[in-house]
2 protein chains.
Amino acid sequence: MPTAHAHAAILSVGDELILGQSLDTNTRWIADRLLDLGVRPLLHATAPDDRADIAAEMVRLAGRADLVVVTGGLGPTADDLTRDALADATGEALVEDSDTLGRLAAWYEGRGQPMPAPNRVQAMRPARARCLPNDHGTAPGLSAALGGADIFCLPGPPGEMRPMFQRFVEPALRPGLLVRTRAVQVFGLGESRVAELLGDLMRRENSPLVGTTASVGLVTVRMRWESAPGAPPDAAAGALDRVEARVRELLGDAVITPSGAPGDRGLPEVVVGMLRERGRTLAIAESCTGGLLGSMVTRVPGSSEVFAGGWITYTNAMKAAQLGVDASHFPEVRSGAPGAVSAEVCLAMAEGARRRAATAHPGGSGPGAGGTDHAIAITGIAGPGGATEGKPVGTVWIGLADRDGRTECRRFEFAGDRDAVRQWSAMTALGMLRMRLAGTDMELLRQRERRP
Amino acid sequence: MPTAHAHAAILSVGDELILGQSLDTNTRWIADRLLDLGVRPLLHATAPDDRADIAAEMVRLAGRADLVVVTGGLGPTADDLTRDALADATGEALVEDSDTLGRLAAWYEGRGQPMPAPNRVQAMRPARARCLPNDHGTAPGLSAALGGADIFCLPGPPGEMRPMFQRFVEPALRPGLLVRTRAVQVFGLGESRVAELLGDLMRRENSPLVGTTASVGLVTVRMRWESAPGAPPDAAAGALDRVEARVRELLGDAVITPSGAPGDRGLPEVVVGMLRERGRTLAIAESCTGGLLGSMVTRVPGSSEVFAGGWITYTNAMKAAQLGVDASHFPEVRSGAPGAVSAEVCLAMAEGARRRAATAHPGGSGPGAGGTDHAIAITGIAGPGGATEGKPVGTVWIGLADRDGRTECRRFEFAGDRDAVRQWSAMTALGMLRMRLAGTDMELLRQRERRP
């Protein structure tokens with residue numbers, strides 16, 4: 001057993017990864033968690049569903065790192081070979097673990113089914129290894145000592161792997177570093193503009209180290225402070241407070257993370273949080289995003305306190321009938337009309353949603369009673385088809401309507417394919433509502449805006 | 001130089017990958033391309049921005065494979081070390097490549113800028129290596145012989161890497177294999193049940209080789225035929241036809257991929273395709289999924305031909321007012337009422353959506369005119385809160401209503417967190433509609449169903 005986990009290696013297992021049929025998202029998630037917890041990732045590798053290759057990689061990585069985390073290959077089928085490979089690597093025989101067998105039987109019993117014969121192999125473990133119970137699936141994990149390292153094998157599905165990592169790997173860590181991180185999310189500035197504004201703050205020799213990563217619509221600014229274990233505990237907090245204050249000063253209103261809030265909160269969490277704090281309610285009307293905005297909002301636990309609901313008005317007929325959009329805005333009713341992708345229709349959708357979501361049980365209360373405070377509408381051309389003269393693919397109108405009668409409607413041209421246009425649309429809609437709630441101006445939207 | 005490229009290894013380079021700050025999408029893309037071109041990927045690895053680690057991985061992988069493809073570490077900064085590592089691995093000195101230097105100078109001249117001093121290092125190459133011009137950025141690639149293998153180093157940004165792979169790596173390949181693949185998607189059977197039904201068909205010594213991978217709600221059965229180059233070209237198609245027919249026979253109605261359709265089509269694509277073929281229309285009503293089902297349907301290009309729209313009725317008040325659900329089903333109106341998560345409310349949501357989506361412009365046509373043919377409703381408890389006596393988190397009702405008056409409503413208990421329950425709910429709803437459209441019975445749903 002290593003005295004400390006200074007360095008970690010991560011091994012993912014599976015032909016579907018090796019052959020390029022699936023994207024490995026586990027390795028990144030594990031690396032990120034390990035670093036946050038003070039164990040520095042050193043190497044990653046991926047092995048095919050080949051017993052000898054998996055065992056060889058386990059042995060090689062255990063020779064370089066104090067901790068090896070393996071994902072995948074614990075299923076019940078003939079191409080799930082992580083169990084056997086671990087037995088080969090540790091030089092132990094496989095034995096049946098009776099607790100695990102009981103847990104497997106109970107899993108199927110709870111579902112009113114007999115346990116399929118192949119699943120029995122999932123109760124096998126190398127003689128001196130430990131089985132790690134899986135509450136979300138049938139594949140138990142394994143932990144063992146291998147050479148001078150600790151090795152953990154976890155199932156591949158992220159919904160099973162992540163809770164098991166938190167339950168079994170995290171408490172077992174003996175970090176070789178004292179690491180403290182902080183992050184803030186930025187909306188409305190591209191990654192290179194963020195880097196330009198941060199300037200010398202991003203030099204690689206700085207401590208805390210400041211870096212950026214970008215995903216659709218958001219840039220994350222990460223701050224990382226590290227030291228040997230035993231450093232004065234206040235040093236990290238003070239250093240991170242100072243650099244975070246400087247980041248906020250340089251990036252201004254573009255920082256969406258509230259002071260003191262966790263830096264991994266996305267825009268939906270931030271917006272739902274602001275609505276909750278202010279006791280405000282929201283309704284939405286979606287056309288080209290087709291439910292994506294609603295899905296993002298309702299992914300946030302507790303969103304039911306503020307979100308009344310919405311409409312997916314994919315056809316013009318739905319826009320008119322369900323949201324009260326004047327049918328004469330549509331060219332199939334009146335020639336020369338502005339059409340579904342227009343300021344007129346977008347604003348009418350937002351106003352219709354805000355007013356109509358107001359319906360409540362007679363005498364009832366809760367979100368939706370007496371009208372929502374805010375509404376968002378999105379209508380645009382996600383592509384690949386649907387472009388018309390003057391309205392290329394990516395043209396999207398986003399509108400806000402408030403209880404006090406204020407409205408706002410902006411036109412964007414988003415780049416990318418259907419998915420990208422839809423993602424950018426929903427994120428930008430949330431960004432607009434956030435600016436409205438925070439009382440900041442909408443200048444930050446200019447980068448992707450197209451004035452009509 | 002290897003006589004053939006039978007096996008490939010892929011190495012990605014970068015601290016941002018090792019530390020979990022960026023997701024590596026290059027490796028998957030390269031692996032997928034290589035397999036299609038007849039070169040079997042064997043191992044993947046990721047190295048940090050450390051010269052010795054990169055060089056050691058190059059040498060190790062060149063010892064296992066005939067072809068090594070490296071991405072990343074070719075930029076102009078001090079932490080871009082792939083050039084130096086390749087020189088160390090091949091035992092050559094770095095020399096300046098005058099063509100490349102000229103190309104770099106021209107790149108900056110074309111942008112009206114002086115070449116920054118650090119970029120000059122990008123014209124360096126190991127003495128016997130070849131520089132590969134990059135039309136989309138400043139980082140040239142490198143190709144060299146290393147041990148018995150060919151090694152290609154390409155820049156990390158996908159927009160630069162991909163065209164360079166196609167331009168330089170693909171024409172240089174001498175495939176060691178003739179590979180043909182096929183896949184079908186399966187809904188309604190767990191991965192272990194699929195394996196049990198396929199039985200000997202999945203033996204690892206078979207050709208074609210049959211394997212499975214699972215993601216939320218779907219199992220993919222992959223068939224891969226491979227042979228030496230020069231095998232009779234019809235052999236693959238015949239062998240794959242035979243094994244696919246046997247897979248379809250063994251798995252029956254659970255196979256959702258239409259005969260002859262691409263095997264990477266998901267359930268939304270399949271359902272939208274079936275609706276289009278039959279000229280049918282769809283409306284939806286979502287509670288706990290909050291727009292996720294609509295988002296899945298409208299992600300499919302062309303879904304506007306069949307999808308009228310839907311409602312996100314997150315509050316009970318919205319369910320009553322917008323879909324006509326009898327308010328006396330809700331306990332806040334009548335004590336002892338069944339509540340939002342019940343067969344009564346689910347069916348009323350589906351029927352309300354089907355009828356109300358029927359509204360069209362007077363005299364109009366298209367999806368939604370005269371009522372949709374099908375509607376789906378989902379209402380449940382995604383968690384983490386909201387569980388009540390007899391209705392644990394994960395309890396979800398899914399209902400179908402058809403134009404001909406047929407209705408169907410089933411209760412499920414899905415495992416996992418909020419995200420998992422929502423994903424399973426939306427996928428299962430699509431699976432139910434597919435069974436309805438295909439005219440197969442719904443026995444396949446039993447695995448996750450809970451009879452009330």
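In this predicted model, strand E15 (residues 395–402) of chain B pairs with E16(B) in the antiparallel sense over seven bridges; strands are DSSP runs of at least two E residues, numbered from the N terminus, and two strands pair if DSSP finds at least two bridges between them. Within this pairing, B:Gly399 has B:Cys409 of E16(B) as its bridge partner. Residues are numbered from 1 along each chain as its sequence is written, and chains are lettered from A in the order in which they are written. Local features need pLDDT of at least 70, and side-chain atom pairs count only at pLDDT 80 or more, while totals for chains, interfaces and linings use all residues; side-chain values use heavy atoms, without hydrogens and water.

Stepping back, both strands belong to an open sheet of 10 strands with mixed pairing, in the order E16(A)-E15(A)-E14(A)-E12(A)-E13(A)-E13(B)-E12(B)-E14(B)-E15(B)-E16(B). Strand E16 (407–413) of chain A and strand E16 (407–413) of chain B stand at the edges with a single partner strand each, so one side of each is left without a neighbour in the sheet.

E15(A) runs antiparallel to E14(A), joined by seven bridges, and A:Thr379 stands opposite A:Trp397. E15(A) also pairs with E16(A) in the antiparallel sense over seven bridges, where A:Ile398 has A:Arg410 as its bridge partner.

Note on methods:
Helix = DSSP H or I, 4+ residues; strand = E, 2+ residues; numbered from the N terminus.
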